[in-house]
Amino acid sequence: MGKRTVAALAQIDQSRTYGVSEAVELLTKLASAKFDESLEVHLRLGIDPKKGDQLVRGTVTLPHGTGKTVRVAVFASESLQAVAKEAGADLVGGEDLIADIKKSEKTDFDVAVATPDMMPKMGPIAKILGTRGLMPNPKNDTVTNDVKRIITELKKGKVTFKNDDTANLHLAVGKVSFGKDKLAENVIALLDAVQKIKPRTAKGTYMKTIALTTTMGPSIRVSATL
């Protein structure tokens with residue numbers, strides 16, 4: 001480990017768990033990279049990811065956004081394309097956009113939204129979008145006719161989250177430059193959202209471990225008590 005990492009670790013008590021605000025304050029103080037580091041939340045969940053009824057998937061609108069400019073693509077019928085453009089969508093189209101993506105396999109966007117009538121037409125690019133985690137899904141509210149609302153929410157900081165194959169969940173919730181108060185509020189908003197969708201069939205401790213870290217910094221374990 002480098003001297004900077006060793007010095008940072010020396011300021012963390014590895015034998016205890018920290019409160020969210022306390023951990024965020026310490027991590028922001030220890031951040032020393034030459035770029036604006038992200039604050040990341042890593043959760044180990046008490047679920048069986050092989051069971052469909054225990055998957056954890058949802059959305060949360062972070063109070064202060066992520067600090068990242070979100071590029072939104074909207075697949076909509078012609079009648080709603082003007083609404084999507086006015087709402088701030090970065091890429092808008094219908095079957096023409098589907099054909100372009102099928103041909104180029106390029107996806108220069110972070111989130112895809114589709115109106116319900118477009119979903120049956122998206123088969124030709126389902127694999128392209130699916131393997132990149134971009135396929136619109138009613139479960140994360142990206143299949144809707146209310147394109148103005150969802151675009152506005154995504155631009156303001158609405159993000160999706162889901163567990164991986166090892167029952168872990170990872171999400172960046174802001175930049176160090178936000179300051180400790182805004183970052184703590186974002187962390188709490190995420191933890192609250194995850195807690196609210198605890199699968200009914202999950203047994204035992206739901207949030208087994210919660211760790212916060214900056215992009216280049218050490219990890220700090222925090223309490224699940226909000």
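Predicted model: local features only at pLDDT ≥ 70, side-chain atom pairs only at ≥ 80, totals over all residues.
**Overall picture**

The protein has 7 helices and 9 strands. Its C-alpha trace spans about 60 × 45 × 30 Å along the principal axes. Of the 226 residues, 43% are buried. If you look at contacts between residues at least 6 apart in sequence, 71% of them join residues at least 24 apart.

**The antiparallel sheet**

Start with the open sheet of 4 strands, which has the order β7-β1-β8-β9 and antiparallel pairing. Its edge strands are β7 (168-175) and β9 (219-222), each of which pairs on one side only. Going across the sheet, neighbouring strands are turned against each other by 25° on average, direction ignored.

Here's how the strands link up, pair by pair. Strand β1 (residues 38-45) is joined to β7 by 6 bridges, and the two run antiparallel. In that pair, Val 41 stands opposite Leu 171 in β7. On to β8: 7 bridges tie β1 to it, again antiparallel. Arg 44 has Thr 209 as its bridge partner in β8. Then β8 and β9 pair over 4 bridges in the antiparallel sense, with Leu 212 opposite Ile 220 in β9. The link from β8 to β9 is a hairpin through 4 residues.

How many of the residues of β8 are buried? That strand is mostly covered, with 6 of its 8 residues buried. As a general point, side chains in a regular strand alternate between the two faces of the sheet.

**Helices α2 and α7**

Helix α2 (residues 20-30) lies across β1, β8 (207-214) and β9, and runs at about 25° to β8. It has a helix partner too: α2 packs with helix α7 (residues 180-196) at an angle of about 135°, the axes being 9 Å apart. That angle makes the pair oblique, and the crossing of α2 and α7 is right-handed.

Which residues meet there? From α2 come Val 20, Ser 21, Val 24, Glu 25 and Thr 28, and from α7 come Lys 180, Leu 183, Ala 184, Val 187, Ile 188 and Leu 191. Sorted by class, that α2–α7 contact has 7 nonpolar, 2 polar and 2 charged residues.

**The parallel sheet**

Now for the other sheet. This open sheet of 3 strands has the order β4-β3-β5, and its pairing is parallel. The edges are β4 (91-93) and β5 (111-114); each has a single partner strand, so one side of each is left without a neighbour in the sheet. The twist averages 15° from one strand to the next. Strand β3 (residues 72-75) runs parallel to β4, and 3 bridges join them. Phe 75 stands opposite Gly 93 in β4.

**Helices α3 and α6**

The axes of α3 and helix α6 (residues 147-156) come within 9 Å and cross at roughly 25°. With angles under 35 degrees counted as roughly parallel, α3 and α6 are therefore roughly parallel to each other. Their crossing is right-handed. On the α3 side the contact is made by Leu 80, Val 83, Ala 84 and Ala 87, and on the α6 side by Val 147, Lys 148 and Ile 151. By class, that gives 6 nonpolar, no polar and 1 charged residues for the α3–α6 contact.

| Helix pair | Axis angle | Axis distance |
|---|---|---|
| α2 and α7 | about 135° | 9 Å apart |
| α3 and α6 | roughly 25° | within 9 Å |

**A closer look at Ala 89**

Ala 89 is found in the loop between α3 (78-87) and β4. Is Ala 89 buried or exposed? Its relative accessibility is 15%, and because buried means under 20%, Ala 89 counts as buried. Leaving aside neighbours within four places in sequence, Ala 89 is in contact with Val 72, Val 74, Ala 84 and Ile 151. Of these, Ala 84 and Ile 151 are also among the residues that make the α3–α6 contact.

Notes: Residues numbered from 1 in each chain as written. Heavy atoms only, no water. Pairing = 2+ DSSP bridges. Axes fitted to C-alpha atoms, helices over the stretch in contact; angles between N-to-C directions. Contact = heavy atoms within 4.5 Å. Parallel < 35°, antiparallel > 145°, perpendicular 65-115°, else oblique. Left-handed = near helix turned anticlockwise from the far one by under 90°. Nonpolar A, V, L, I, M, F, W, Y, C, P; charged D, E, K, R; others polar. Buried < 20%, exposed > 50% of the residue type's maximum accessible area, 1.4 Å probe, protein only.
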